[in-house]
Amino acid sequence: SMEATAPSVGAGANGSLAAAARAQVGPPTNPMATALLTDQYQFSMAYAYWKAGKHADHAVFDLYFRKNPFGGEFTVFAGLEECIKFIANFKFTEDEISFLQSVMPMCEDAFFDYLRGIDCSDVEVYSIPEGSVVFPKVPLMRVEGPVAVVQLLETPFVNLINYASLVTTNAARHRHVAGKSKVLMEFGLRRAQV
C-alpha cells in the first residue's frame with residue numbers, strides 16, 4: 001500500500017499551485033473526495049500544530065509505497081490528476097465544520113474558524129508523470145506547504161493514489177498477458193481488485 005512519510009517541518013513560504021490549478025481544473029471526479037476524506041488523526045495533528053502556533057510552518061512530505069501489488073515487478077503510477085483536482089477544490093463547508101465540531105468538542109472554536117479559512121493556495125506538489133512505471137521506496141510525489149494543511153492532505157493523497165495505481169497496474173498486467181490484439185472486458189463490480 002502507498003504511504004506518506006511524516007511531514008518534516010522547516011521555515012519558509014511557497015508560491016501557489018492551487019490558485020493556478022483552480023482556474024484550470026474542475027471538481028474531483030468523485031464527489032466524495034472532499035476535505036473530510038481523511039481520518040480524525042490528521043485533524044488532531046492539525047489542531048496540535050495550530051494550538052502550538054506552528055500551523056503555518058513550512059513542511060514537506062514524500063509519498064511512496066513499500067511493495068508492488070499482486071506480487072508483481074512494477075506499479076503504474078496513477079491518481080495525480082485527482083490529487084490536483086482535490087487541492088484545487090480544497091475547502092471546508094459549514095456542514096463539514098459542524099461535523100468536525102461534533103466529533104472534536106475539545107477543540108477551541110478559533111481552530112474551526114482557522115479551518116474555515118484554509119485552502120491549498122500555499123501548497124506545491126512535485127510529482128513524477130502520471131502513467132509512469134514506478135518501483136517501491138522511490139518518492140512518487142513531494143508535497144510542500146503549511147504543516148497543518150499538508151497534514152490534512154496526507155490521507156486523501158494516499159487514498160487517491162493507492163486505488164488509482166492499483167487498478168491501473170492491474171489493467172496493465174492484464175493487457176501485457178492478453179497481448180495487444182485481444183479485447184479486454186472489466187468486471188470490477190463482480191470481483192474486488194486483489
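**Figure 1. Secondary structure of the protein chain.** The chain of this predicted model holds 6 helices and 7 strands, taken as DSSP runs (H or I of at least four residues for helices, E of at least two for strands) and numbered from the N terminus. Their order from the N terminus is β-β-α-α-β-β-α-α-α-β-β-β-α. Of the 194 residues, 42% are buried, meaning under 20% relative accessible area with a 1.4 Å probe, protein chains only. Among contacts (heavy atoms within 4.5 Å) with a separation of 6 or more, 84% link residues 24 or more positions apart.

**Figure 2. The largest nonpolar core.** This core has 44 residues; a nonpolar core is a set of buried Ala, Val, Leu, Ile, Met, Phe, Trp, Tyr and Cys residues joined through side-chain atoms within 4.5 Å. Those with the most contacts inside it include Phe-90, Phe-92, Phe-111 and Met-141. Elements giving two or more residues to this core include helix H2 (40–51), strand S3 (58–65) and helix H6 (147–178). H6 supplies the largest share, 10 residues.

**Figure 3. Surroundings of Phe-111.** Leaving aside residues up to four places away in sequence, Phe-111 touches Phe-43, Ala-46, Tyr-47 and Trp-50.

**Figure 4. His-58 and Glu-144.** His-58 lies in strand S3 and is buried, with a relative accessible area of 13%. The side chains of His-58 and Glu-144 are joined by a polar contact of 3.4 Å, that is, a pair of N or O atoms within 3.5 Å, one able to donate a hydrogen and the other to accept it; residues adjacent in sequence count only if both atoms are side-chain atoms.

**Notes.** Residues are numbered from 1 along each chain as its sequence is written, and side-chain values use heavy atoms, without hydrogens and water. Local features need pLDDT of at least 70 and side-chain atom pairs pLDDT 80 or more, whereas totals for chains, interfaces and linings use all residues.

Definitions and conventions:
Buried means under 20% relative accessible area, exposed over 50%, partly exposed in between (1.4 Å probe, protein chains only).
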